[in-house]
Amino acid sequence: MENSELHRRFDTLLVHEGAHAPTDDVRPTVTPIYATSTFIHSSAAALDRAFDENGLVYGRYGNPTVDSFEKIVAAAEGGIGAVAFASGMAALHTAFLAAGTPRGATQPEASTIIAGQDMYGSTRTLLNQFFAAQGWSVSYCDMTDLECFAEQLRARPAIVFLEPISNPLLKITDLPRIVELARDAGARVVVDNTFATPLLLRPIEHGVDLVVHSATKYLGGHGDVVGGVVAARTHLMHNTLRSYGKLLGATLGPYEAWLLARGLKTLSLRVRRQCTSAYEVAHWLRAQPQVSKVYYPGLADHPQHELAQQLFGGLFGGIVAFDLRVATQEVAFTFMDALKLVLPGSTLGDIYSLVSYSARSSHRDVPVEERRAQGIGDGLVRLSVGIEDVADILDDLKQALAVVQ
Ligand SMILES: Cc1ncc(COP(=O)(O)O)c(C=O)c1O
(Lines give C-alpha, C1' and ligand atoms only; values in the text may rest on other atoms or scores of the structure.)
Protein backbone atom coordinates (compact mmCIF):
# COMPACT_ATOMS: atom_id res chain seq x y z
CA MET A 1 0.00 0.00 0.00
CA GLU A 2 3.04 2.28 -0.06
CA ASN A 3 2.52 5.62 -1.78
CA SER A 4 -1.18 5.20 -1.51
CA GLU A 5 -3.46 7.20 0.67
CA LEU A 6 -6.38 4.95 -0.06
CA HIS A 7 -6.96 1.64 1.64
CA ARG A 8 -6.73 -1.20 -0.91
CA ARG A 9 -8.80 -4.31 -0.53
CA PHE A 10 -7.82 -7.89 -1.33
CA ASP A 11 -8.91 -7.99 -4.98
CA THR A 12 -7.24 -4.67 -5.65
CA LEU A 13 -3.99 -5.79 -4.00
CA LEU A 14 -3.84 -8.82 -6.28
CA VAL A 15 -3.98 -6.56 -9.30
CA HIS A 16 -1.63 -3.76 -8.20
CA GLU A 17 0.93 -5.06 -5.68
CA GLY A 18 4.37 -5.58 -7.14
CA ALA A 19 3.36 -4.15 -10.48
CA HIS A 20 4.83 -0.94 -11.89
CA ALA A 21 8.13 -1.62 -10.07
CA PRO A 22 10.59 1.26 -10.39
CA THR A 23 13.76 0.31 -12.29
CA ASP A 24 15.33 3.72 -12.84
CA ASP A 25 18.20 3.20 -10.39
CA VAL A 26 19.24 -0.27 -11.64
CA ARG A 27 19.58 -1.60 -15.16
CA PRO A 28 19.14 -5.18 -16.32
CA THR A 29 21.83 -6.47 -18.68
CA VAL A 30 19.13 -7.41 -21.17
CA THR A 31 16.08 -5.36 -22.12
CA PRO A 32 13.28 -7.22 -20.35
CA ILE A 33 10.05 -8.45 -21.86
CA TYR A 34 7.59 -5.62 -21.35
CA ALA A 35 4.49 -7.75 -21.24
CA THR A 36 2.11 -4.85 -21.11
CA SER A 37 -0.58 -3.59 -23.40
CA THR A 38 -0.38 -0.02 -22.18
CA PHE A 39 1.95 2.42 -20.38
CA ILE A 40 1.37 4.61 -17.36
CA HIS A 41 2.77 8.14 -17.49
CA SER A 42 3.42 10.57 -14.66
CA SER A 43 0.71 12.94 -15.86
CA ALA A 44 -1.95 13.28 -18.51
CA ALA A 45 0.28 15.80 -20.29
CA ALA A 46 3.19 13.33 -20.35
CA LEU A 47 0.90 10.68 -21.82
CA ASP A 48 -0.28 13.17 -24.40
CA ARG A 49 3.34 13.91 -25.40
CA ALA A 50 4.18 10.21 -25.65
CA PHE A 51 1.66 9.79 -28.46
CA ASP A 52 3.88 11.97 -30.63
CA GLU A 53 7.29 11.21 -29.19
CA ASN A 54 7.78 7.47 -28.76
CA GLY A 55 4.43 5.71 -29.00
CA LEU A 56 4.82 4.24 -25.51
CA VAL A 57 1.13 4.60 -24.84
CA TYR A 58 -0.32 1.38 -26.18
CA GLY A 59 1.10 -1.97 -27.31
CA ARG A 60 0.17 -1.58 -30.95
CA TYR A 61 1.95 1.80 -31.05
CA GLY A 62 5.17 0.88 -29.31
CA ASN A 63 6.82 -1.32 -26.71
CA PRO A 64 10.38 -1.05 -25.29
CA THR A 65 11.19 -4.72 -26.00
CA VAL A 66 10.00 -4.36 -29.58
CA ASP A 67 11.89 -1.04 -29.83
CA SER A 68 15.10 -2.72 -28.78
CA PHE A 69 14.73 -5.35 -31.54
CA GLU A 70 13.95 -2.61 -34.07
CA LYS A 71 17.01 -0.63 -33.01
CA ILE A 72 19.35 -3.59 -33.51
CA VAL A 73 17.92 -4.25 -36.99
CA ALA A 74 18.13 -0.57 -37.97
CA ALA A 75 21.76 -0.48 -36.85
CA ALA A 76 22.62 -3.78 -38.55
CA GLU A 77 21.03 -2.68 -41.83
CA GLY A 78 22.28 0.91 -41.63
CA GLY A 79 18.73 2.29 -41.76
CA ILE A 80 17.15 5.38 -40.23
CA GLY A 81 14.87 3.06 -38.29
CA ALA A 82 13.03 -0.24 -38.47
CA VAL A 83 9.49 -1.43 -37.78
CA ALA A 84 8.76 -4.93 -36.53
CA PHE A 85 5.82 -7.06 -37.63
CA ALA A 86 4.14 -10.28 -36.58
CA SER A 87 5.61 -12.20 -39.53
CA GLY A 88 7.71 -11.77 -42.64
CA MET A 89 4.53 -11.75 -44.74
CA ALA A 90 3.04 -8.91 -42.66
CA ALA A 91 6.33 -7.05 -43.10
CA LEU A 92 6.22 -7.52 -46.88
CA HIS A 93 2.56 -6.48 -47.09
CA THR A 94 3.19 -3.26 -45.20
CA ALA A 95 6.45 -2.54 -47.05
CA PHE A 96 4.67 -2.74 -50.42
CA LEU A 97 1.90 -0.43 -49.18
CA ALA A 98 4.42 2.06 -47.80
CA ALA A 99 6.60 1.98 -50.94
CA GLY A 100 3.50 2.51 -53.08
CA THR A 101 2.42 5.74 -51.37
CA PRO A 102 2.12 8.72 -53.74
CA ARG A 103 5.02 11.13 -54.26
CA GLY A 104 3.50 14.32 -55.62
CA ALA A 105 4.14 15.69 -59.10
CA THR A 106 6.85 13.21 -60.11
CA GLN A 107 4.64 10.29 -59.22
CA PRO A 108 5.41 7.28 -61.41
CA GLU A 109 2.69 4.84 -62.40
CA ALA A 110 0.96 4.30 -59.04
CA SER A 111 0.33 0.70 -58.03
CA THR A 112 2.73 -0.83 -60.51
CA ILE A 113 5.32 -3.32 -59.29
CA ILE A 114 8.15 -4.99 -61.13
CA ALA A 115 9.34 -7.98 -59.16
CA GLY A 116 12.13 -10.50 -59.48
CA GLN A 117 10.94 -13.70 -61.09
CA ASP A 118 12.55 -16.02 -58.59
CA MET A 119 11.28 -15.38 -55.08
CA TYR A 120 9.60 -16.95 -52.05
CA GLY A 121 6.34 -18.50 -53.28
CA SER A 122 4.03 -16.78 -50.78
CA THR A 123 5.44 -13.37 -51.72
CA ARG A 124 4.54 -14.14 -55.30
CA THR A 125 1.09 -15.23 -54.18
CA LEU A 126 0.73 -12.03 -52.12
CA LEU A 127 1.50 -10.00 -55.24
CA ASN A 128 -0.62 -12.08 -57.60
CA GLN A 129 -3.62 -12.80 -55.45
CA PHE A 130 -3.77 -9.87 -53.05
CA PHE A 131 -2.21 -6.81 -54.68
CA ALA A 132 -3.29 -7.71 -58.23
CA ALA A 133 -6.83 -8.24 -56.94
CA GLN A 134 -6.70 -4.70 -55.50
CA GLY A 135 -5.97 -3.40 -58.99
CA TRP A 136 -2.17 -3.27 -58.82
CA SER A 137 -0.28 -4.18 -61.94
CA VAL A 138 2.40 -6.77 -61.20
CA SER A 139 4.99 -7.95 -63.68
CA TYR A 140 8.04 -10.14 -63.31
CA CYS A 141 11.52 -10.05 -64.67
CA ASP A 142 14.66 -12.12 -64.27
CA MET A 143 16.66 -9.57 -62.29
CA THR A 144 19.93 -11.05 -63.50
CA ASP A 145 18.93 -9.88 -67.00
CA LEU A 146 19.51 -6.13 -66.82
CA GLU A 147 18.30 -5.54 -70.38
CA CYS A 148 14.94 -7.11 -69.58
CA PHE A 149 14.79 -5.02 -66.41
CA ALA A 150 15.60 -1.76 -68.20
CA GLU A 151 12.89 -2.56 -70.74
CA GLN A 152 10.31 -3.21 -68.02
CA LEU A 153 11.13 0.09 -66.33
CA ARG A 154 9.45 1.85 -69.26
CA ALA A 155 6.18 1.04 -67.45
CA ARG A 156 7.32 3.60 -64.80
CA PRO A 157 6.65 1.33 -61.83
CA ALA A 158 6.17 2.74 -58.34
CA ILE A 159 8.04 -0.23 -56.83
CA VAL A 160 10.83 -2.56 -57.79
CA PHE A 161 11.04 -5.64 -55.59
CA LEU A 162 13.61 -8.40 -55.47
CA GLU A 163 15.45 -10.93 -53.34
CA PRO A 164 19.22 -10.26 -53.78
CA ILE A 165 19.82 -13.98 -53.16
CA SER A 166 16.74 -15.55 -54.63
CA ASN A 167 14.70 -18.36 -53.15
CA PRO A 168 15.30 -21.21 -53.91
CA LEU A 169 17.62 -20.96 -56.94
CA LEU A 170 20.14 -18.63 -55.30
CA LYS A 171 20.48 -16.24 -58.22
CA ILE A 172 22.45 -13.13 -57.29
CA THR A 173 21.28 -9.71 -58.39
CA ASP A 174 23.54 -6.81 -59.30
CA LEU A 175 21.87 -4.69 -56.66
CA PRO A 176 23.87 -1.46 -57.11
CA ARG A 177 23.03 -1.39 -60.83
CA ILE A 178 19.38 -2.32 -60.30
CA VAL A 179 18.97 0.46 -57.74
CA GLU A 180 20.60 2.99 -60.06
CA LEU A 181 18.25 2.09 -62.93
CA ALA A 182 15.17 1.93 -60.69
CA ARG A 183 15.87 5.28 -59.08
CA ASP A 184 16.46 6.94 -62.44
CA ALA A 185 12.99 5.70 -63.37
CA GLY A 186 11.52 7.13 -60.16
CA ALA A 187 10.75 3.78 -58.51
CA ARG A 188 11.23 2.90 -54.88
CA VAL A 189 13.23 -0.26 -54.30
CA VAL A 190 12.15 -2.89 -51.78
CA VAL A 191 14.41 -5.83 -51.06
CA ASP A 192 13.82 -9.07 -49.15
CA ASN A 193 17.18 -9.59 -47.44
CA THR A 194 16.17 -12.74 -45.54
CA PHE A 195 18.65 -15.06 -47.29
CA ALA A 196 21.60 -12.66 -47.30
CA THR A 197 21.23 -11.15 -43.81
CA PRO A 198 22.96 -7.83 -43.09
CA LEU A 199 26.19 -9.77 -42.53
CA LEU A 200 26.48 -10.44 -46.27
CA LEU A 201 24.61 -7.47 -47.69
CA ARG A 202 23.38 -4.09 -46.44
CA PRO A 203 21.05 -3.01 -49.24
CA ILE A 204 20.43 0.48 -47.81
CA GLU A 205 24.11 1.27 -48.47
CA HIS A 206 23.28 0.69 -52.15
CA GLY A 207 20.29 3.06 -52.01
CA VAL A 208 17.49 0.57 -51.38
CA ASP A 209 14.47 2.22 -49.72
CA LEU A 210 13.06 -0.64 -47.66
CA VAL A 211 14.76 -3.83 -46.49
CA VAL A 212 12.44 -6.63 -45.41
CA HIS A 213 13.26 -9.71 -43.36
CA SER A 214 11.40 -12.77 -42.38
CA ALA A 215 12.95 -12.50 -38.91
CA THR A 216 11.70 -16.06 -38.37
CA LYS A 217 14.81 -17.15 -40.28
CA TYR A 218 18.41 -16.03 -39.67
CA LEU A 219 17.65 -13.04 -37.43
CA GLY A 220 15.93 -15.23 -34.84
CA GLY A 221 17.93 -18.24 -35.89
CA HIS A 222 16.70 -20.79 -33.35
CA GLY A 223 13.41 -21.98 -34.81
CA ASP A 224 11.40 -20.69 -31.86
CA VAL A 225 9.71 -17.54 -33.13
CA VAL A 226 7.80 -16.07 -36.08
CA GLY A 227 8.36 -12.40 -36.89
CA GLY A 228 9.16 -9.86 -39.56
CA VAL A 229 10.86 -6.50 -39.78
CA VAL A 230 11.42 -3.70 -42.28
CA ALA A 231 14.37 -1.30 -42.13
CA ALA A 232 13.94 2.08 -43.84
CA ARG A 233 16.42 4.39 -45.56
CA THR A 234 14.44 7.60 -45.07
CA HIS A 235 12.41 9.19 -42.30
CA LEU A 236 9.45 9.41 -44.66
CA MET A 237 9.43 5.67 -45.30
CA HIS A 238 10.03 4.90 -41.63
CA ASN A 239 7.12 7.09 -40.52
CA THR A 240 4.86 5.64 -43.20
CA LEU A 241 5.69 2.09 -42.15
CA ARG A 242 5.07 2.96 -38.51
CA SER A 243 1.70 4.52 -39.16
CA TYR A 244 0.59 1.68 -41.49
CA GLY A 245 1.81 -0.82 -38.91
CA LYS A 246 -0.37 0.79 -36.26
CA LEU A 247 -3.39 0.86 -38.54
CA LEU A 248 -3.09 -2.65 -39.94
CA GLY A 249 -2.22 -4.03 -36.53
CA ALA A 250 0.09 -6.90 -37.44
CA THR A 251 2.57 -5.70 -34.83
CA LEU A 252 5.18 -7.91 -33.19
CA GLY A 253 4.56 -8.96 -29.60
CA PRO A 254 7.16 -8.34 -26.85
CA TYR A 255 7.86 -12.04 -26.23
CA GLU A 256 8.74 -12.57 -29.88
CA ALA A 257 10.76 -9.35 -29.95
CA TRP A 258 12.78 -10.52 -26.98
CA LEU A 259 13.62 -13.84 -28.65
CA LEU A 260 14.55 -12.07 -31.86
CA ALA A 261 16.78 -9.55 -30.08
CA ARG A 262 18.46 -12.44 -28.31
CA GLY A 263 18.94 -14.29 -31.58
CA LEU A 264 20.47 -11.25 -33.25
CA LYS A 265 23.29 -11.11 -30.73
CA THR A 266 24.83 -14.23 -32.29
CA LEU A 267 23.83 -13.58 -35.92
CA SER A 268 27.38 -12.96 -37.03
CA LEU A 269 28.79 -16.09 -35.33
CA ARG A 270 26.01 -18.33 -36.58
CA VAL A 271 25.89 -17.10 -40.14
CA ARG A 272 29.68 -17.14 -40.62
CA ARG A 273 29.72 -20.77 -39.52
CA GLN A 274 26.72 -21.60 -41.73
CA CYS A 275 28.40 -19.99 -44.75
CA THR A 276 31.62 -21.95 -44.21
CA SER A 277 29.77 -25.23 -43.81
CA ALA A 278 27.45 -24.54 -46.77
CA TYR A 279 30.50 -23.90 -48.94
CA GLU A 280 31.87 -27.30 -47.98
CA VAL A 281 28.51 -29.03 -48.42
CA ALA A 282 27.99 -27.48 -51.88
CA HIS A 283 31.38 -28.68 -53.10
CA TRP A 284 30.77 -32.15 -51.69
CA LEU A 285 27.29 -32.43 -53.21
CA ARG A 286 28.64 -31.60 -56.64
CA ALA A 287 30.71 -34.75 -56.61
CA GLN A 288 27.77 -37.04 -55.79
CA PRO A 289 26.35 -39.17 -58.63
CA GLN A 290 22.77 -38.84 -57.35
CA VAL A 291 22.96 -35.06 -57.73
CA SER A 292 22.69 -33.53 -61.18
CA LYS A 293 23.10 -29.83 -60.33
CA VAL A 294 24.10 -27.75 -57.32
CA TYR A 295 23.00 -24.14 -56.92
CA TYR A 296 25.39 -22.20 -54.69
CA PRO A 297 26.93 -18.78 -55.36
CA GLY A 298 30.19 -19.95 -53.80
CA LEU A 299 30.81 -22.40 -56.65
CA ALA A 300 33.19 -21.00 -59.24
CA ASP A 301 30.82 -21.95 -62.08
CA HIS A 302 27.77 -20.26 -60.53
CA PRO A 303 26.69 -17.66 -63.13
CA GLN A 304 27.03 -14.78 -60.64
CA HIS A 305 29.94 -16.12 -58.61
CA GLU A 306 32.13 -13.05 -59.13
CA LEU A 307 29.29 -10.66 -58.40
CA ALA A 308 28.55 -12.57 -55.18
CA GLN A 309 32.20 -12.29 -54.23
CA GLN A 310 32.13 -8.51 -54.74
CA LEU A 311 28.82 -7.94 -52.98
CA PHE A 312 29.13 -10.31 -50.02
CA GLY A 313 32.77 -9.88 -49.05
CA GLY A 314 33.82 -13.51 -49.43
CA LEU A 315 30.77 -15.17 -47.85
CA PHE A 316 28.15 -16.96 -49.98
CA GLY A 317 25.27 -17.73 -47.65
CA GLY A 318 24.05 -20.74 -45.72
CA ILE A 319 21.60 -22.15 -48.27
CA VAL A 320 22.45 -24.76 -50.89
CA ALA A 321 19.92 -26.05 -53.41
CA PHE A 322 20.39 -29.10 -55.61
CA ASP A 323 18.62 -31.18 -58.21
CA LEU A 324 18.40 -34.91 -57.64
CA ARG A 325 19.33 -36.76 -60.81
CA VAL A 326 16.07 -38.73 -60.69
CA ALA A 327 13.87 -35.66 -60.56
CA THR A 328 10.63 -36.83 -59.04
CA GLN A 329 8.73 -35.95 -55.90
CA GLU A 330 8.86 -39.60 -54.87
CA VAL A 331 12.66 -39.75 -54.94
CA ALA A 332 12.97 -36.38 -53.23
CA PHE A 333 10.63 -37.52 -50.45
CA THR A 334 12.53 -40.83 -50.08
CA PHE A 335 15.78 -38.87 -49.71
CA MET A 336 14.28 -36.48 -47.17
CA ASP A 337 12.74 -39.31 -45.15
CA ALA A 338 16.11 -41.08 -45.03
CA LEU A 339 17.83 -38.11 -43.36
CA LYS A 340 18.54 -38.69 -39.68
CA LEU A 341 20.16 -35.45 -38.55
CA VAL A 342 18.99 -32.86 -41.06
CA LEU A 343 15.41 -31.96 -40.20
CA PRO A 344 12.59 -31.74 -42.70
CA GLY A 345 11.10 -28.28 -42.14
CA SER A 346 9.52 -25.51 -44.16
CA THR A 347 11.85 -22.87 -42.82
CA LEU A 348 15.50 -21.93 -43.06
CA GLY A 349 18.25 -20.05 -41.27
CA ASP A 350 18.03 -21.99 -38.02
CA ILE A 351 20.92 -23.41 -36.05
CA TYR A 352 19.55 -26.81 -37.10
CA SER A 353 20.18 -28.04 -40.62
CA LEU A 354 16.89 -28.16 -42.47
CA VAL A 355 15.79 -29.60 -45.76
CA SER A 356 12.72 -28.70 -47.76
CA TYR A 357 11.14 -29.64 -51.06
CA SER A 358 10.40 -26.29 -52.70
CA ALA A 359 7.70 -27.58 -55.08
CA ARG A 360 5.54 -28.64 -52.15
CA SER A 361 6.55 -26.06 -49.54
CA SER A 362 7.72 -22.51 -50.40
CA HIS A 363 6.28 -22.79 -53.94
CA ARG A 364 3.26 -24.94 -53.15
CA ASP A 365 0.79 -22.28 -54.29
CA VAL A 366 2.61 -21.47 -57.52
CA PRO A 367 0.99 -23.19 -60.53
CA VAL A 368 3.11 -26.18 -61.63
CA GLU A 369 3.91 -24.88 -65.11
CA GLU A 370 4.85 -21.46 -63.75
CA ARG A 371 7.07 -23.09 -61.15
CA ARG A 372 8.83 -25.30 -63.69
CA ALA A 373 9.26 -22.34 -66.03
CA GLN A 374 11.07 -20.55 -63.20
CA GLY A 375 13.51 -23.46 -63.09
CA ILE A 376 12.17 -25.01 -59.89
CA GLY A 377 12.03 -28.59 -61.03
CA ASP A 378 10.53 -31.71 -59.43
CA GLY A 379 13.93 -32.86 -58.15
CA LEU A 380 14.92 -29.61 -56.44
CA VAL A 381 15.81 -29.87 -52.77
CA ARG A 382 16.77 -26.88 -50.62
CA LEU A 383 19.16 -27.33 -47.75
CA SER A 384 19.59 -24.75 -45.02
CA VAL A 385 22.89 -25.55 -43.38
CA GLY A 386 22.92 -25.33 -39.59
CA ILE A 387 25.73 -24.88 -37.08
CA GLU A 388 26.28 -28.59 -36.38
CA ASP A 389 29.69 -30.14 -37.09
CA VAL A 390 29.83 -30.15 -40.88
CA ALA A 391 31.23 -33.71 -40.88
CA ASP A 392 27.98 -34.91 -39.28
CA ILE A 393 25.91 -33.04 -41.88
CA LEU A 394 27.92 -34.66 -44.69
CA ASP A 395 27.60 -38.13 -43.09
CA ASP A 396 23.84 -37.72 -42.98
CA LEU A 397 23.55 -36.50 -46.57
CA LYS A 398 25.77 -39.37 -47.69
CA GLN A 399 23.68 -42.09 -46.07
CA ALA A 400 20.40 -40.54 -47.31
CA LEU A 401 21.70 -40.20 -50.88
CA ALA A 402 22.74 -43.87 -50.74
CA VAL A 403 19.05 -44.75 -50.23
CA VAL A 404 18.11 -43.12 -53.56
CA GLN A 405 21.07 -44.72 -55.37
C1 LIG B 1 12.66 -15.17 -48.35
C2 LIG B 1 11.42 -15.16 -47.50
N3 LIG B 1 10.72 -14.03 -47.36
C4 LIG B 1 9.59 -13.99 -46.61
C5 LIG B 1 9.11 -15.10 -45.97
C6 LIG B 1 7.86 -15.02 -45.15
O7 LIG B 1 8.18 -14.91 -43.80
P8 LIG B 1 7.25 -15.46 -42.60
O9 LIG B 1 7.11 -16.91 -42.78
O10 LIG B 1 8.01 -15.05 -41.37
O11 LIG B 1 5.94 -14.75 -42.72
C12 LIG B 1 9.82 -16.30 -46.07
C13 LIG B 1 9.32 -17.52 -45.39
O14 LIG B 1 9.74 -18.61 -45.64
C15 LIG B 1 11.00 -16.34 -46.87
O16 LIG B 1 11.71 -17.47 -47.04
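Is Tyr61 buried, exposed or partly exposed? At 26% relative accessibility, Tyr61 counts as partly exposed (buried is under 20% relative accessible area, exposed over 50%, partly exposed in between; 1.4 Å probe, protein chains only). The model is predicted: local features need pLDDT of at least 70 and side-chain atom pairs count only at pLDDT 80 or more, while totals for chains, interfaces and linings use all residues. Residues are numbered from 1 along each chain as its sequence is written, and side-chain values use heavy atoms, with hydrogens and water left out.

**View 1. The aromatic pair of Phe51 and Tyr61.** The ring centres of Phe51 and Tyr61 are 6.2 Å apart and the planes stand at 75 degrees, so the pair is edge-to-face. Rings of Phe, Tyr and Trp (its six-membered ring) pair if their centres lie within 6.5 Å; planes under 30 degrees apart count as stacked, over 60 as edge-to-face and the rest as tilted. Phe51 belongs to helix H2 (residues 44-53) and Tyr61 to the loop between H2 and helix H3 (64-77), ten residues apart. Helices (H or I, at least four residues) and strands (E, at least two) are DSSP runs, numbered from the N terminus. Phe51, at 43% relative accessibility, counts as partly exposed. The structure holds ten aromatic pairs.

**View 2. Packing of helices H4 and H5.** H4 (residues 88-99) and H5 (residues 121-131) pack at an angle of about 50 degrees, with axes 11 Å apart. The two helices are therefore oblique to each other (under 35 degrees is roughly parallel, over 145 roughly antiparallel, 65 to 115 roughly perpendicular, the rest oblique). Axes are lines fitted to C-alpha atoms over the stretch in contact, and angles run from 0 to 180 degrees between N-to-C directions. The contact (heavy atoms within 4.5 Å) is made by Met89, Leu92, His93, Phe96 and Leu97 of H4 and Ser122, Thr123, Leu126, Leu127, Phe130 and Phe131 of H5. Phe96, Phe130 and Phe131 are among the members of one aromatic cluster, which also includes Trp136 and Phe161.

**View 3. Surroundings of Pro203.** Pro203 sits in the loop between helix H8 (197-200) and strand S6 (210-214). With 0% relative accessibility, Pro203 counts as buried. Leaving aside neighbours within four places in sequence, Pro203 is in contact with Glu77, Leu175, Val191, Asn193, Val208 and Val211.

**View 4. Surroundings of Gln304.** Gln304 is placed in the loop between strand S8 (291-295) and helix H12 (305-312). Gln304 counts as buried at 14% relative accessibility. Not counting residues up to four places away in sequence, Gln304 touches Thr144, Lys171 and Ile172.
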